[in-house]
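Please read them with the structure open beside you.

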Amino acid sequence: MRNSAKTLRSAAELIGAGLSPERDRAALDAVAARYAVAISPALAKMIDAADPHDPIARQFVPDAAELNTTAEELADPIGDDAHSPVPGIVHRYRDRVLLKLVHVCPVYCRYCFRREMVGPNGRGTLTAKEIEVALDYIRAHEEIWEVILTGGEPLLLSPRRLRGVMKALAEIRHVKIVRVHSRTPVVAPERVTGELVRALKASSKAVYVVAHINHAKEMSDAVRDACARIVDAGVPMLSQSVLLRGVNDDAAALEGLLRTLVECRIKPYYLHHGDLAPGTSHLRTSLDEGQQLMRGLRGKLSGIAQPTYVLDIPGGAGKVPVGPAYLRKSEDETYCVEDPAGQSHVYPPRA
Ligand code: SF4
């Protein structure tokens with residue numbers, strides 16, 4: 001049953017596939033009426049339905065806890081709308097913009113920070129006219145050095161349409177970098193075809209693919225092969241992960257994820273603190289827990305396996321590192337620096 005080739009989108013389909021119990025039907029119907037649900041065939045195959053702590057199920061199988069919205073949660077937690085001059089563009093930082101072409105995804109992560117915008121009832125795909133307006137905005141702003149294709153899932157565009165966007169960006173001289181934020185290599189690795197990879201390279205700019213991966217169990221052989229096709233084509237890969245309660249909030253799971261990424265030639269880039277998205281409090285950790293995990297990684301893991309632990313400040317003020325601090329300045333201007341084992345050392349001020 002679970003090897004269905006169909007994406008699972010409703011409580012009935014999840015129950016039929018053995019991923020949710022019958023007793024949860026009413027609650028899951030309510031969740032699915034509120035937030036989009038989708039589990040791709042590739043992901044469904046990776047879930048161990050007999051394991052109540054399966055880290056993939058926890059990321060994608062809806063939970064009745066999503067019906068609980070807390071007072072601090074926000075419909076637009078990172079403030080995209082406040083920085084959107086035209087549809088599809090978010091211009092939060094001077095030298096870069098997000099270009100959100102598509103507001104649907106092959107899967108819907110239960111902690112998604114854009115869950116009020118994405119999905120079948122979300123903001124859809126930009127029309128050809130809207131894409132042209134968004135590109136005109138980029139053309140008119142010479143300070144834009146980097147364009148980040150995100151969404152939704154940008155790699156749901158056909159290779160032909162993706163090539164069209166990449167070629168349009170190729171003609172904008174001040175754009176030097178195109179970054180693609182994607183879940184596709186992990187959740188639908190079969191979509192990473194030679195044609196798609198060639199389309200990614202059609203901009204003649206420096207292109208980076210940033211894959212969203214949260215647990216080593218997501219790195220199946222098919223996923224590793226899909227990532228290798230991207231890297232072998234000369235497109236560097238980075239990762240971004242979200243710190244999630246019950247998925248990767250223990251030292252062993254986090255270490256396993258980060259080592260696996262580097263072994264697959266994917267540089268761990270960001271570990272995001274969970275955003276204040278509605279109905280996600282059961283998946284968020286505290287900042288103290290995040291800092292403690294990051295402290296545990298220092299000295300234990302190679303530097304190339306260390307991500308930056310970041311918080312997107314609610315409301316759109318931007319993203320900042322929130323990892324543990326190792327350096328303090330004393331009143332006498334000397335520094336006190338902590339080593340990876342927690343021992344303090346004095347470092348002299350500049351003479
Ligand atoms: S792939 Fe990204 S945009 Fe889509 S549901 Fe997951 S977190 Fe949200």
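1. In what order do the nine strands of the open sheet lie, and with what pairing? The order is β1-β2-β3-β4-β5-β6-β7-β8-β9, and the pairing is mixed. β1 (89-93) and β9 (318-321) stand at the edges with a single partner strand each, so one side of each is left without a neighbour in the sheet. Neighbouring strands of this sheet are turned against each other by 25 degrees on average, direction ignored, where axes are lines fitted to C-alpha atoms and angles run from 0 to 180 degrees between N-to-C directions.

2. A word on the basis of these notes: this is a predicted model, in which local features need pLDDT of at least 70 and side-chain atom pairs count only at pLDDT 80 or more, while totals for chains, interfaces and linings use all residues. Residues are numbered from 1 along each chain as its sequence is written, and side-chain values use heavy atoms, with hydrogens and water left out. Strands (E, at least two residues) and helices (H or I, at least four) are DSSP runs numbered from the N terminus, and two strands pair if DSSP finds at least two bridges between them.

3. At the β1 end of the order, β1 and β2 pair in the antiparallel sense over three bridges, and a hairpin of two residues joins β1 to β2. Within this pair, Ile89 stands opposite Leu99 in β2. Strand β2 (residues 96-100) is largely enclosed by the rest of the structure, because four of its five residues are buried, that is, under 20% relative accessible area with a 1.4 Å probe and protein chains only, exposed being over 50% and partly exposed in between.

4. Is β4 buried or exposed? Six of its six residues are buried. In a regular strand the side chains alternate between the two faces of the sheet. In β4 both faces are covered, with Ile177, Arg179 and His181 buried on one side and Val178, Val180 and Ser182 buried on the other.

5. Which residues are around the ligand? They are Cys105, Val107, Tyr108, Cys109, Cys112, Gly152, Arg183 and His212, a residue being counted if one of its heavy atoms lies within 4 Å of the molecule. This shell divides into five nonpolar residues, two polar and one charged.

6. A further open sheet, of three strands, has the order β10-β11-β12 with antiparallel pairing. β10 (327-329) and β12 (344-347) stand at its edges, each with a single partner strand, so one side of each is left without a neighbour in the sheet. Neighbouring strands here are turned by 25 degrees against each other on average, direction ignored. Three bridges join β10 to strand β11 (residues 335-338), and Lys329 stands opposite Tyr335 in β11.

7. Finally, Leu287 lies in helix α11 (residues 287-297) and is partly exposed, with a relative accessible area of 35%. Leu287 and Ala32 are 255 residues apart in sequence and, from C-alpha to C-alpha, 29 Å apart in space.

How values were computed: Nonpolar A, V, L, I, M, F, W, Y, C, P; charged D, E, K, R; others polar.
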